[in-house]
Amino acid sequence: KQKIGIVLLHFPYKLQNTPVTFQFLKDILAISKEYHTGDFAVSLTNRSWNKDEVKQLLSDHSAVLVSSDKHPVMSTMRDKHLYYLRLLGDTRLIRSKDLGNVYHSRENDLQHWANHLKIINKRHQNIFVSIDNHFSGHPIRDLTILSKQLQDLKVDFTGFKIIQKNV
């Protein structure tokens with residue numbers, strides 16, 4: 001039984017859509033299907049990838065384009081089975097050595113994304129959300145807040161556990 005639900009292919013912002021990089025993406029998707037029969041989400045944040053042929057390539061490989069707080073992507077009916085949201089935050093606001101504490105309260109932003117997900121939930125069968133360390137500095141707290149804001153939906157937080165340490 002396959003335990004992997006989704007595979008995220010994340011490419012850096014500096015990677016622009018050229019004939020060479022487009023072919024690279026095409027090859028990666030074809031090779032990846034040999035090892036994983038499930039869904040793929042592809043993060044292409046450079047605006048040069050926002051083209052119909054890229055969307056068609058992803059659709060042909062049962063992959064969806066990742067939407068994020070920095071690079072929102074409109075969902076389409078073509079990818080109605082899956083929506084992937086990545087909350088990145090601003091890496092300039094929180095230094096890596098300071099992660100683990102809340103340095104930037106994002107409760108209002110999380111409410112905005114919860115409202116967005118409630119709308120998206122009506123159009124998509126599966127929704128994946130990942131929260132980066134730099135969103136507020138404390139992704140577990142962010143996920144806890146988001147889960148409370150989505151409590152009126154039947155959300156499956158399988159695999160998510162909050163471990164309390166006794167101090």
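Phenylalanine 11 stands opposite leucine 44 in strand 2. This is a predicted model. Strand 2 covers residues 39-44, and six of its six residues are buried, so the rest of the structure largely encloses it. The structure also holds two salt bridges.

**Strand 2 and its partners**

- Strand 1 (residues 6-11) pairs with strand 2 in the parallel sense, over six bridges.
- Between the two, the chain passes through helix 1 (residues 19-35), and this β-α-β crossover is right-handed.
- Strand 3 (residues 63-65) runs parallel to strand 2 and is joined to it by three bridges.
- Here phenylalanine 40 stands opposite alanine 63 of strand 3.
- A right-handed β-α-β unit is made by strand 2, helix 2 (residues 52-60) and strand 3.

**Two faces of strand 2**

- In a regular strand, side chains alternate between the two faces of the sheet.
- Asp39, Ala41 and Ser43 point one way from strand 2.
- Phe40, Val42 and Leu44 point the other way.
- Both sets are buried.

**Helix 3**

- Helix 3 (residues 107-120) has 14 residues.
- From first C-alpha to last, helix 3 reaches 20 Å, close to the 20 Å expected at 1.5 Å a residue.
- Its buried residues include Leu110, Trp113, Ala114, Leu117 and Ile120.
- These five cover an arc of only 120 degrees around the axis, so they sit on the same side of helix 3.
- An α-helix has 3.6 residues a turn, so residues three or four places apart point the same way.
- The cover over the buried residues of helix 3 includes strand 4 (67-68), strand 5 (82-87), strand 6 (126-131) and helix 4 (139-149).

**Serine 68**

- Serine 68 lies in strand 4.
- Its relative accessibility is 4%, so serine 68 counts as buried.
- Beyond its neighbours within four places in sequence, serine 68 is in contact with Leu85, Arg86, Leu88 and Trp113.

**Salt bridges**

- Arginine 106 and aspartate 109 meet through their side chains in a salt bridge, at 2.4 Å from N to O.
- Arginine 106 is buried, with a relative accessible area of 11%, whereas aspartate 109 is partly exposed at 30%.
- Arginine 141 forms a salt bridge with glutamate 107, with the closest N and O atoms 2.7 Å apart.
- This pair links distant parts of the chain: arginine 141 is in helix 4, glutamate 107 is in helix 3, and they are 34 residues apart.
- Arginine 141 counts as partly exposed, at 27% relative accessibility.
- Glutamate 107 also counts as partly exposed, at 36% relative accessibility.

Notes: Residues numbered from 1 in each chain as written. Predicted model: local features only at pLDDT ≥ 70, side-chain atom pairs only at ≥ 80, totals over all residues. Heavy atoms only, no water. Buried < 20%, exposed > 50% of the residue type's maximum accessible area, 1.4 Å probe, protein only. Helix = DSSP H or I, 4+ residues; strand = E, 2+ residues; numbered from the N terminus. Pairing = 2+ DSSP bridges. Right-handed = clockwise from strand over helix to strand, strands pointing away. Expected span 1.5 Å × (residues − 1). Arc of directions from axis to C-beta. Contact = heavy atoms within 4.5 Å. Salt bridge = Lys/Arg side-chain N within 4 Å of Asp/Glu carboxyl O.
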